[in-house]
Amino acid sequence: MIRCQVVHIHRNSRGQAVRKEQTVFGETIQIGRASDCRILLPSPGVSMYHAVLRHGEDGRLYLSAQEGAELLVNDALAKQVECIPGTYILLGSFRLVIEENTGSFDVVIAIEAEDEARRAQARLPISIAELQLSKRRVAFWTSLVVVVIFLLLPLMQSLPATKGAKLPVSFLDLWNIGHMSSGHHSLASKCSTCHEKPFQPVADKACMSCHTTRHHIADPVLFEKAFRNKRCADCHPDHRGDLPIERLDKQCVSCHGNIKAINPRASHTSIQDFSVDHPDFKLTLKTGHGERDFREVTQIGNVKEKSGLKFSHLVHLNKKGISTPDGDTVMVCQDCHLPDDAGLRFNPISMEKSCQQSGCHALDFDPPVADRPLPHGSVPKLMDTLREYYAKAAVDEMLTSGTRECAGEPTTGKNLLERVQSCAKNQVGANLHKLFTSKEGCVECHEVSPQPENADEPWKVHAIQITQHWLRHAAFSHSRHATSRCTDCHDKENSRSSGDISIPDIKKCRTCHVGAKEVKGKVSTSCEACHVFHRDEDAVNKKLGGDSQGGAN
Amino acid sequence: MQRESIIEYERYRHFRLSAGAMSLAVVAYVFDKPGTEPYGGTVLGYVLGTLAALIVLFLLFYGMRKRLTPRLPKPENTEVQTRRRFARFALRRKARRPLTFSLKGWLSAHVYWGVALVLFATLHTGFQFGWNLHSLSYVLMVLVVLSGLYGTYVYVHLPRVMTDNMGEDTLPGLLAKIDGYDKLAATSALQFPDEICQLIERSRNETRIGGRLLEQLSGRQKNCPTQLAVRKLHDMGKEFHGARLQSFHDLYAIMNHKEAAVVRARRHVKYKARLAIWLYLHAPLSIAFLLALLTHVLSVFFYW
């Protein structure tokens, strides 16, 4: 039999405990929310039959949880607990405390329902304000990061007084507005090389300390006019990316967009954009063999070249083929025009390599001598070859036959030498006449005229003046246009005369190219795609392979 | 008549002004031929940067202006005082309504010029960004403006939604109601098996309204015990008959009401949190941005 005193504790309005005692008996005492429990705890947190008070085998009193239920004893889960005074048991929303046994009871249990008010106080924060977040704290820390990392540390590394502050990282990079140009990489982290004084723009003096020469306008008056009030950095701003600083992308038009304002005597018009107002190309026509022997002609109308060469592309590019010693052969442009190493233009065309290679246009003795062609290019040399050959032939013939006849004709002269001379002279004369007068001879390609008074050069072959560089102010790369066929740009298939000029005009270029402004389906082209900044043109031409001969383009 | 919002203030006055300024800036940017790629250091870059900095000062002044409003407002006097105080800023205008500098007008201008600032600053950069102080300033500015735009959105949009959600209720009232439902449910559940009692008890003890920042902002509780209890009770309906079924229906109804109240309370907490949270970014970041901006100006002219 267990005698248990249950003390129900309530709180009055002032929060003071009001104790109400009750005594229960039984062999065992059920605790739960079922109405037949001896100790009734009406809370859904309590099981129907939550726990039972019973004597253990050792005679002591235990509170045991029923199956499926648990006890929270002194804040720890337990299935069973000995009823020792001071034990604190949480059962649903009831707090059970085993009190000191002051009377004749086996156990005294004080039961108090969880305080509703306390429960209400324990509610969660329901607004941001209750979370104790602080705008000032956020402002302080973010500002601190900005000031320390982005202001103080870079400043420490840049001020003259603290320059050389040894820090593992260059915080000055945080002030850098962009990558330095490729040529100035060696100056990185040496800001004061260019930025000599704080809060003052980079002076030209700083640039000129390394860049002592300027490839700008040669005329000092014009230079002064064009660049008045301009700093180097106006046109060459650095920190604009890992590219050469001398980028000209948009700088050409800053002057050439209104060139007359700078140089009223400029030979060309103002240009804003290739696709809008670029003038027609100016062709360079050779007038002599000197470097400066040329004239410039605007490519309008039917301009003809006077090269002195007779040549028909129509004949050579006949689609049915052209007659050669190897039979009818269809020729293509590349048979004669072979690109130079730079890929800009073409190697010079020579008689030997291009015209005689397949046996066509062979220069022969009359009658032809096997493996002994006549030389091309110099009439005196030709004369020497003829004289040498026919003298030897006459000697051989007269010595072996023992007659005074040579080539079936009688010869005159006191002795063998004179007879040989006479014979050879006749033969040379006949051969020369045929070479210089027959359709298949020199006149097929050259203009010739006789000059009988000159024994060493009785015929004059007029000089060929093939234009080497048609567009003197531009650098055109053929290799970069290798995806096109030659005839896409050069209308040579129907050309009968070598005077026909087939350099494409600007309209042709504009079918693919536009200016710097991008257009869908077109190739954007900046000025320097074709032009080189104000430099000595002859030097540039040399650099670009302007020396190459041959009317290749 | 419904009062015009800060968006529509004075027939979109500040929208018109800022849009005009933005158009001019875009036109200038498009037609500018600086001779190099556009960036902050061209003539137009300097002009745009200066204008953007002036806009920043104007926007920051709103924070001061807000605090200048008298604490004990006398509506007619406030307006007069405010007007007097800012009379020297007032522009002469021909329109019928005077160009007042009410707080609402300031806020409307603050919003539209904040948007304009992004455009001015972006054109100032010439779309050149990098890992440096200058881009940091830009990013801070964008964060400030974005948080401000979010604030504008919630200020214009949420009050009506909150009214729709709460009706006549207040949040303390709703929480008291939920407590009441809990007590009712606790009593009502006593007669039912442990399983149901546990559901009710868990719902009472573990249902969270508000709480940590993300809980407040999301307005949800993962595996909400109240919703779980309602769902399970719904499935258990068939197990009871007669008078107990009636009691069960009562319990189910109580829990349904509680669930609805919990959802509304959470939603209210969520709206309140959203109304407040953006300012915890907007205000502090604007200070950090101002410092970054000053450092930016200092650094670019230090190494001119």
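Begin by selecting B:Arg208 in this predicted model, where the residue has a relative accessibility of 26% and therefore counts as partly exposed. B:Glu215 has a relative accessible area of 16%, and because buried means under 20%, B:Glu215 is placed among the buried residues.

Next, go to chain A and select A:Arg11, A:Arg95 and A:Glu112, which are joined into one network by salt bridges that share partners. Within this group, look at the salt bridge between A:Glu112 and A:Arg95, whose closest N and O atoms are 2.8 Å apart. If you colour the chain by secondary structure, you can find A:Glu112 in strand β12 (residues 107-113) and A:Arg95 in strand β11 (residues 94-99), so that the pair links distant parts of chain A, 17 residues apart. Which of these two is buried, and which is partly exposed? A:Glu112 is buried, with a relative accessible area of 10%, whereas A:Arg95, at 22% relative accessibility, is partly exposed.

Stay in chain A and select A:Asp234 together with A:Arg231, another salt bridge, in which the closest N and O atoms are 3.5 Å apart. Here A:Asp234 is partly exposed at 35% relative accessible area, and A:Arg231 is partly exposed as well, at 31%. Over all chains, the structure holds 21 salt bridges.

Now turn to the aromatic rings, of which a search of the whole structure finds 21 pairs over all chains. Select A:Phe199 and B:Phe302, whose ring centres are 5.4 Å apart and whose planes stand at 75°, so the pair is edge-to-face. This pair crosses between chains, running from A:Phe199 in the loop between α2 (135-158) and α3 (204-208) of chain A to B:Phe302 in helix α10 (residues 242-302) of chain B. On the chain A side, A:Phe199 is partly exposed, with a relative accessible area of 42%, while on the chain B side B:Phe302 is buried, at 4%.

For a stacked pair, select B:Phe58 and B:Trp106, which lie 5.3 Å centre to centre with 25° between the planes. B:Phe58 belongs to helix α2 (residues 43-68) and B:Trp106 to helix α4 (residues 103-125) of chain B, so the pair ties together parts that are 48 residues apart in sequence. B:Phe58 is partly exposed at 29% relative accessibility, but B:Trp106 is buried, with a relative accessible area of 5%.

Two charged residues over rings come next. Select A:Lys135 and B:Tyr280 to see A:Lys135 over the face of the B:Tyr280 ring, at 4.7 Å from the ring centre. Then select A:Arg510 and A:Phe274, where A:Arg510 lies over the ring face at 5.6 Å from the centre.

Finally, display chain B on its own, and follow its secondary structure, which comes to 10 helices and 0 strands. Of its 304 residues, 46% are buried, and the chain exposes about 16,900 Å², of which carbon and sulfur atoms supply 63%. Among contacts in chain B between residues at least 6 apart in sequence, 77% join residues at least 24 apart.

Terms used:
Residues numbered from 1 in each chain as written. Chains lettered and ligands numbered in written order. Predicted model: local features only at pLDDT ≥ 70, side-chain atom pairs only at ≥ 80, totals over all residues. Heavy atoms only, no water. Phe/Tyr/Trp six-rings, centres within 6.5 Å; stacked < 30°, edge-to-face > 60°. Helix = DSSP H or I, 4+ residues; strand = E, 2+ residues; numbered from the N terminus. Buried < 20%, exposed > 50% of the residue type's maximum accessible area, 1.4 Å probe, protein only. Lys NZ or Arg CZ within 6 Å of the ring centre and 35° of its normal. Contact = heavy atoms within 4.5 Å. Areas by Shrake-Rupley, 256 points an atom, 1.4 Å probe, with all protein chains shown as cover. Salt bridge = Lys/Arg side-chain N within 4 Å of Asp/Glu carboxyl O.
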